[in-house]
Amino acid sequence: MLADQPIKTSCLPSFRAEHFPYSGPHPWLDCDDAAERLSAKVGSREISPAEADICRFWIANGDVILEGLFDFPTLDVVWEGYEKAVRTGRIQLPPEPAGGNDPWAGRSLNPHRKLSEFCRLLKHAQMMHFLRLLMGREPKVLQTIASHKGS
């Protein structure tokens, strides 16, 4: 997590954002002076013009899409590993029907704990680079979810 101060979660009435106290600095791109910080990073050549464009998009929209970040062979290996784990029972999916004719089982919470293939995504060099760029800190895995359907 990105918290600099520990949070005693047992004291929270529920796990909702409004119940969590401030626990550390916001990611730099979410701060009021993000545009000024970005200009300084570009000026000092700490980040490239292409990275600056990504950061500007984040500042304006609160998200980015990094198209083509993962190559198809990597995605194929991860998905094939996931489907094999589901078929063999290593990962058991709960029933979670989205409607009367929904053929798909539910989501797998934290499949990275059971499948080493997921680490190909979690430790992907380019993804880690962009997370460090956008958050301004070293990222840590908190949770993963895999599914045959959207939420």
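Is Tyr82 buried or exposed? In this predicted model, Tyr82 is buried, since its relative accessible area comes to 0%. Tyr82 takes part in an edge-to-face aromatic pair with Phe118, in which the ring centres lie 6.3 Å apart and the planes make an angle of 75 degrees. Because Tyr82 belongs to helix H3 while Phe118 sits in the loop between strand S1 (108-109) and helix H4 (119-122), this pair ties together parts that are 36 residues apart in sequence. Phe118 is likewise buried, with a relative accessible area of 9%, which is under the 20% cut-off for that class.

The count of aromatic pairs is 2, and the table sets out their geometry.

| Pair | Centre to centre | Angle between planes | Arrangement |
|---|---|---|---|
| Trp79 and Tyr82 | 4.9 Å | 35 degrees | tilted |
| Tyr82 and Phe118 | 6.3 Å | 75 degrees | edge-to-face |

Trp79 and Tyr82 both lie in helix H3 (residues 72-88), where they are 3 residues apart and therefore separated by about one helical turn. Trp79 is partly exposed, with a relative accessible area of 33%, whereas Tyr82 is buried. Taken together, Trp79, Tyr82 and Phe118 make up one aromatic cluster.

A further contact with a ring involves a charge: Lys41 is placed over the face of Trp28, at 4.8 Å from the ring centre.

How values were computed:
Residues are numbered from 1 along each chain as its sequence is written. This is a predicted model: local features need pLDDT of at least 70, side-chain atom pairs count only at pLDDT 80 or more; totals for chains, interfaces and linings use all residues. Side-chain values use heavy atoms; hydrogens and water are left out. Rings of Phe, Tyr and Trp (its six-membered ring) pair if their centres lie within 6.5 Å; planes under 30 degrees apart count as stacked, over 60 as edge-to-face and the rest as tilted. Helices (H or I, at least four residues) and strands (E, at least two) are DSSP runs, numbered from the N terminus. Buried means under 20% relative accessible area, exposed over 50%, partly exposed in between (1.4 Å probe, protein chains only). A charge sits over a ring if NZ of Lys or CZ of Arg is within 6 Å of the ring centre and within 35 degrees of the ring normal.
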